[in-house]
Amino acid sequence: MTKPHLTDALKAEITKMYDKYEVRRSVIMPALHAIQESFGYISKEVADELSGFMELPRVMIEEVITFYTMYHRNPVGKHHFQVCENVTCCMFQARELTDHIKKLTNLKKPGEVTEDGLFSYEAVACLGSCGTAPVVMINDDYHESFSEEKATMFVENARGSKDE
Ligand code: FES
């Protein structure tokens with residue numbers, strides 16, 4: 001498998017983005033999004049390439065990747081759980097929910113991907129919807145008032161649709 005890199009297609013896509021924004025740094029987020037769409041994550045090497053291509057300091061790219069939980073630095077599963085483990089969600093059993101997801105998927109720690117490539121998980125800071133705790137994001141979708149039952153159903157459905 002070829003290593004993720006800034007392909008000509010990505011460079012062309014990013015160049016087109018410049019027309020939509022007044023300042024070049026505003027293109028960082030959509031550019032990272034396009035990269036993640038292509039490879040599923042943003043490797044250190046690609047972030048370096050992006051910095052060179054956009055002629056922006058590497059630290060500026062790094063700040064964005066680090067600040068937003070939606071960007072992944074390593075490969076993730078097809079269904080990536082981000083469980084909010086901030087105070088309010090923890091009051092509504094978020095940690096127990098993480099344990100349940102680990103048990104369902106046989107994952108031992110964040111950053112692992114199941115052998116079939118279907119699942120991975122991580123704990124994240126407040127997802128900004130404390131009123132509907134516990135909150136979990138699965139890929140780009142918010143799941144509010146999540147529960148062990150909903151997690152079980154989701155994992156079973158994901159496994160079922162993989163077999164079809
Ligand atoms: S504490 Fe979980 S969404 Fe805010």
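**Domains and overall layout**

I looked up the domain spacing: the C-alpha centres of domain 1 and domain 2 lie 28 Å apart. The assignment for the protein chain puts domain 1 at 8-67 and domain 2 at 79-163; such bounds come from an automatic or database domain assignment.

I noted the ground rules. The model is predicted: local features need pLDDT of at least 70, side-chain atom pairs count only at pLDDT 80 or more, and totals for chains, interfaces and linings use all residues. Residues are numbered from 1 along each chain as its sequence is written.

I then took the secondary structure. The protein chain has seven helices and four strands (DSSP runs numbered from the N terminus: H or I of at least four residues for helices, E of at least two for strands). Along the sequence I read α-α-α-α-β-α-α-β-β-β-α.

I checked the extent. Along the principal axes, the C-alpha atoms fill a box of roughly 45 × 35 × 25 Å.

I checked burial. Of the 164 residues, 23% count as buried (20 or more other C-beta atoms within 10 Å of a residue's own; exposed is 12 or fewer, partly exposed is in between; C-beta atoms are placed from the backbone).

I also checked contacts (C-beta atoms, placed from the backbone, within 7 Å). Among those with a separation of 6 or more, 61% join residues 24 or more positions apart.

**Helices H3 and H4**

I turned to H3 (residues 44-54) and H4 (residues 58-67). Their axes come within 8 Å and cross at roughly 130°. Axes are lines fitted to C-alpha atoms, for helices over the stretch in contact, and angles run from 0 to 180 degrees between N-to-C directions. H3 and H4 are therefore oblique to each other (under 35 degrees is roughly parallel, over 145 roughly antiparallel, 65 to 115 roughly perpendicular, the rest oblique).

Which residues make the contact? From H3 I listed Ala47, Asp48, Leu50 and Ser51; from H4, Arg58, Ile61, Glu62 and Ile65. By class I recorded four nonpolar, one polar and three charged residues (Ala, Val, Leu, Ile, Met, Phe, Trp, Tyr, Cys and Pro are nonpolar; Asp, Glu, Lys and Arg charged; the others, Gly among them, polar).

**Tyr18**

I found Tyr18 in the loop between helix H1 (8-17) and helix H2 (28-39). Tyr18 counts as partly exposed because it has 14 C-beta neighbours inside 10 Å. Leaving aside neighbours within four places in sequence, Tyr18 is in contact with Arg24 and Val27. I also looked up Met54: Tyr18 and Met54 are 36 residues apart in sequence and 9.9 Å apart in space, C-alpha to C-alpha.

Methods
Two residues are in contact if their C-beta atoms, placed from the backbone, lie within 7 Å.
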